[in-house]
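Me: I am new to this structure and would like to learn how to read it. Please take one feature at a time, with the general idea before the case.

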Amino acid sequence: VFSHQSIHQLASVAVVEDDSSVVKKEASPTSEWVLPLFPIQQWFMQQQWADTHHWNQSALLQTRIGFDVSDLQAVAEGLMQAHPALRLSVGKSEDDWQTAYRSNFVADQVQHVELDDLSDEDFHQQMGLKMSQAQVGLSPQNGRIWQMVWLSRRTKPGRLFWTIHHLAVDSVSWRILLADLETLMTQGMLSQPLRLPSPSNDLLRVSEHYQQMTSKPDQVATLS
């Protein structure tokens, strides 16, 4: 697209691929995969920065009165099934870094803090403390790629803080995740089954594509 910037130019170089040549992998939403890191992830891990938890994106949302922690657990599970990046952990193999996509939660990844009897001022002070702790607690190497903290109040709306490491999210995918979070929470509020569109296996295909590209010097030269 960058080299051929018009439809006419693209048409002169585009080819039709035979779908039969594409190996389609099937994986259930709870499958565990091991993949090489994407190039940008590889670069990030090679920097060996201190306080890598600092690289995250976060949102603070208001929850309705009567929202229940079991609802939150179900919502989080639905998000993990639909988005494999939320199951990501990073590890070092003998040769290089790699990512593993887990099938379950890390302990305490979803936290519930009851703050019923606090004044508004004390509530916001505790909220700031818990948000900071959640961000510091991010650890991609230990599978803690995201954390949710729900601060509840019995007679007032609560707050839901969600923080995700940049290894798993960017500004585009963040919007998709927030939309899916809203969908699941609305379904729960209406006592409907929690359901998102079936997950695709695009992550596997994209990872393979990047590895093929980075193995070709001419492709690397074009990208750089």
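Reply: Start with burial: a residue is called buried under 20% relative accessible area, exposed over 50%, and partly exposed in between, using a 1.4 Å probe and protein chains only. The model is predicted, so local features need pLDDT of at least 70 and side-chain atom pairs count only at pLDDT 80 or more, while totals for chains, interfaces and linings use all residues. Residues are numbered from 1 along each chain as its sequence is written, and side-chain values use heavy atoms, with hydrogens and water left out.

Me: Is Q42 buried or exposed?

Reply: Q42 is buried, since its relative accessible area is 13%.

Me: Where does Q42 lie, and which residues is Q42 in contact with, leaving aside its neighbours within four places in sequence?

Reply: Contact means heavy atoms within 4.5 Å. Helices (H or I, at least four residues) and strands (E, at least two) are DSSP runs, numbered from the N terminus. Q42 belongs to helix α2, residues 39-47. With neighbours within four places in sequence set aside, Q42 touches L37, D96 and W97.

Me: How many helices and strands does the protein have?

Reply: There are 7 helices and 7 strands. Along the sequence they follow the pattern α-β-α-β-α-β-β-β-α-β-β-α-α-α. Of the 224 residues in the protein, 36% are buried. Among contacts with a separation of 6 or more, 70% are between residues 24 or more positions apart.

Me: How do I read a sheet, and in what order do the strands of the open sheet of 3 strands come?

Reply: Two strands pair if DSSP finds at least two bridges between them. The open sheet of 3 strands has the order β1-β4-β3, with antiparallel pairing. Its edge strands are β1 (33-36) and β3 (88-92), each pairing on one side only. From one strand to the next, the twist averages 30°. For such angles, axes are lines fitted to C-alpha atoms, for helices over the stretch in contact, and the angles run from 0 to 180 degrees between N-to-C directions.

Me: How many bridges join β1 to β4, and what is the bridge partner of W33 in β4?

Reply: β1 and β4 (residues 97-101) run antiparallel and are joined by 4 bridges. W33 has Y101 as its bridge partner in β4.

Me: What is the order of the open sheet of 4 strands?

Reply: That sheet runs β2-β7-β6-β5, and its pairing is mixed. β2 and β5 are at the edges with a single partner strand each, so one side of each has no neighbour in the sheet. Here the twist averages 15° from one strand to the next. Within this sheet, β6 and β7 pair in the antiparallel sense over 6 bridges. W146 stands opposite I164 in β7.

Me: What is a salt bridge, and how many are there?

Reply: A salt bridge is a side-chain nitrogen of Lys or Arg within 4 Å of a carboxyl oxygen of Asp or Glu. By this rule there are 4 salt bridges. One of them joins the side chains of R154 and D116, at 3.1 Å from N to O. This pair links distant parts of the chain, 38 residues apart: R154 is in the loop between β6 (146-152) and β7 (158-165), and D116 in the loop between β5 (110-114) and α4 (120-136). R154 counts as exposed because its relative accessibility is 57%, whereas D116, at 25%, is partly exposed.

Me: Which residues are linked in a network of salt bridges?

Reply: The network links D120, R153 and K156. In the bridge between R153 and D120, the closest N and O atoms are 2.9 Å apart. R153 is in the loop between β6 and β7 and D120 in helix α4, 33 residues apart. R153 is buried at 10% relative accessible area, while D120 is partly exposed at 39%. K156 also forms a salt bridge with D120, with the closest N and O atoms 3.0 Å apart. K156 lies in the loop between β6 and β7 and D120 in helix α4, so this pair ties together parts 36 residues apart in sequence. K156 is partly exposed, at 35% relative accessible area.

Me: Which residues form a nonpolar patch on the surface?

Reply: Patches are made of residues with over 30% relative accessible area and no salt bridge; like charges are joined within 9 Å, and nonpolar side chains (Val, Leu, Ile, Met, Phe, Trp, Tyr) within 5 Å. Accessible areas come from the Shrake-Rupley method with a 1.4 Å probe, and for residues only the protein chains shown count as cover. I40, W43 and W49 form such a nonpolar patch, with about 340 Å² of accessible area together. W49 sits in the loop between α2 and β2 (56-63) and is partly exposed, at 34% relative accessible area.
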